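Look at the sequence and the structure below together. The paragraphs that follow go from the whole chain to its sheets, its cores and a few single residues.

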Amino acid sequence: MSNEVLLMKPNEIEKVKSHYMKFKVNRSAPGVVFAAKLVDTTITIYKSGKVMFQGTGSAREASLWCTTPIKPATSVGKGDVLPPNFSSLSVLGSDETGTGDYFGPITVAACFVSSEQVALVKELGVKDSKMLTDDVMRKMAPDLMATLAHSVLVLKNEKYNDIQSRGWSQGKIKALMHNQALKHVLKKMGSEKPTYILIDQFAERGIYYNHIKTEKEIIRENVLFSTKAEQLHVSVAAASIIARYAFLKEMDRLTEKANTTIPKGASSKVDEIAAKIYLKHGEEFLKSITKWHFANTQKVIKLINKKRF
Ligand code: MG
C-alpha cells in the first residue's frame, strides 16, 4: 500500500482537520489526534505533527498539502499516479479546446463513463482525439452526447475578451470552466458518484485550486490530474470529442457571420484572413470573433497598414 508522510505546522494541521472533518473516524491508537477515511485514502494526524496518508489516493491527498507537489513514480503523462486498473473504473473526465486558436471560443466538456459503459464507449470509436479528424468527431459527438451524462460550456469571444481584459488569465478561465462543467455533471448524476474525477492537466493542482478558491462550490473529492489524460480513460477522450464538437459548431456560426471560412490555429495564414475580415467588417467585428489579446492582433494591424500605404 502506498503512503505519504508530511510533517506539518500546527496551523496547517488545523486546516487539514477541517478539510477532512466530514470524513472523520474514531481512532484510539496512541499518539493519534485525528483520523479520517476517504474511499481510497486514510488520513491520520499524530501528536508529533506528522500527517500520514495511506491508500491508493495518498499521493493525491498529500499533494493538496504539500508546497512542492509530489511527482509521480510512473505515469503516461505528468500528474497523479493512477490506480493500475484505472481505465476500467467509473470516471468523470474533463478536457478543453480552442485555447490556442485566434478565432473562436474556448470550450470545456466534462463527461461521465461508468465502468459498465467503458466497452460501449470504445465501441463508439472513442480514442485519443489527436488521432481523430474533425469530421469524424462531428459524427461521433452527437451519439456520445445522447449516451453519456455530460456538460459542455462554450465561452464566446465577447465574454472571453471582456474577462481577459479584466485581468483573468487563460489558466483561471479554464479552471473555472472545468469546475463548472464537473459540477453540472455531478448534479445530473444525482446519487451516483464517480470513483474518480480526472482532469486533463493544464496546471498543477495547487495552481488550479488557487484559481477557483473564491468559487462557492469547489469540486475536490477524488479529483486526479494528469497530462495526456485522454489516453488514461475514455471519459476524458469523450469529453475532448464533445468539447471539439462544440468548438467546431461555434466556428461554423462565425463562418456564417463573417461570410468567409474561419480558420483554426494562430498561423500567419490566420493573420491574412483576419486582415481581410478587418478591412471588410471593421475592428469591432473582428474583435467579436477572436481572442483579441493574442499576438495575432498586432500582426493583423501591421498587415493592414502595409496594404494602406
Ligand atoms: Mg487538454
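A residue is called buried if its relative accessible area is under 20%, exposed if that area is over 50%, and partly exposed in between, using a 1.4 Å probe and protein chains only. Of the 309 residues of the protein chain, 51% count as buried. This is a predicted model, in which local features need pLDDT of at least 70 and side-chain atom pairs count only at pLDDT 80 or more, while totals for chains, interfaces and linings use all residues. Residues are numbered from 1 along each chain as its sequence is written, and side-chain values use heavy atoms, with hydrogens and water left out.

Start with the overall build. The C-alpha trace spans about 80 × 45 × 35 Å along its principal axes. The chain has 11 helices and 10 strands; these are DSSP runs numbered from the N terminus, with helices (H or I) of at least four residues and strands (E) of at least two. A contact means heavy atoms within 4.5 Å. Among contacts between residues at least 6 apart in sequence, 71% join residues at least 24 apart.

Next, find the open sheet of 5 strands, which has the order E1-E5-E4-E3-E2 and antiparallel pairing. Two strands pair if DSSP finds at least two bridges between them. Strand E1 (3–7) and strand E2 (24–25) are the edge strands, each pairing on one side only. Strand E4 (residues 42–46) and strand E5 (residues 50–54) run antiparallel and are joined by 4 bridges. Helix H1 (residues 10–20) packs on this sheet and touches E2, strand E3 (32–37), E4 and E5; the direction of H1 makes about 145° with that of E4. Such angles run from 0 to 180 degrees between N-to-C directions, and the axes are lines fitted to C-alpha atoms, for helices over the stretch in contact.

Now turn to strand E10 (residues 223–226). In a regular strand the side chains alternate between the two faces of the sheet. Both faces of E10 are covered: Val-223 and Phe-225 are buried on one side, Leu-224 and Ser-226 on the other. Strand E9 (residues 196–200) runs parallel to E10, and 4 bridges join the two. Ile-199 has Phe-225 as its bridge partner in E10. From E9 the chain passes through helix H7 (residues 205–211) to E10 in a right-handed β-α-β crossover. Right-handed means that, with the strands pointing away from the viewer, the path from the first strand over the helix to the second runs clockwise.

Asn-222 lies in the loop between H7 and E10, and its phi is near 60°, a positive value in a residue other than glycine. Lys-228 sits in the loop between E10 and helix H8 (234–258), with a positive phi near 50°.

Finally, consider the interior. A nonpolar core is a set of buried Ala, Val, Leu, Ile, Met, Phe, Trp, Tyr and Cys residues joined through side-chain atoms within 4.5 Å. The largest has 48 residues, and Tyr-102, Phe-103, Ile-277 and Leu-286 have the most contacts inside it. Helix H6 (residues 170–189) gives the most to this core, with 9 residues. A second, separate core of 20 residues includes Val-113, Ala-141, Leu-148 and Ala-238.
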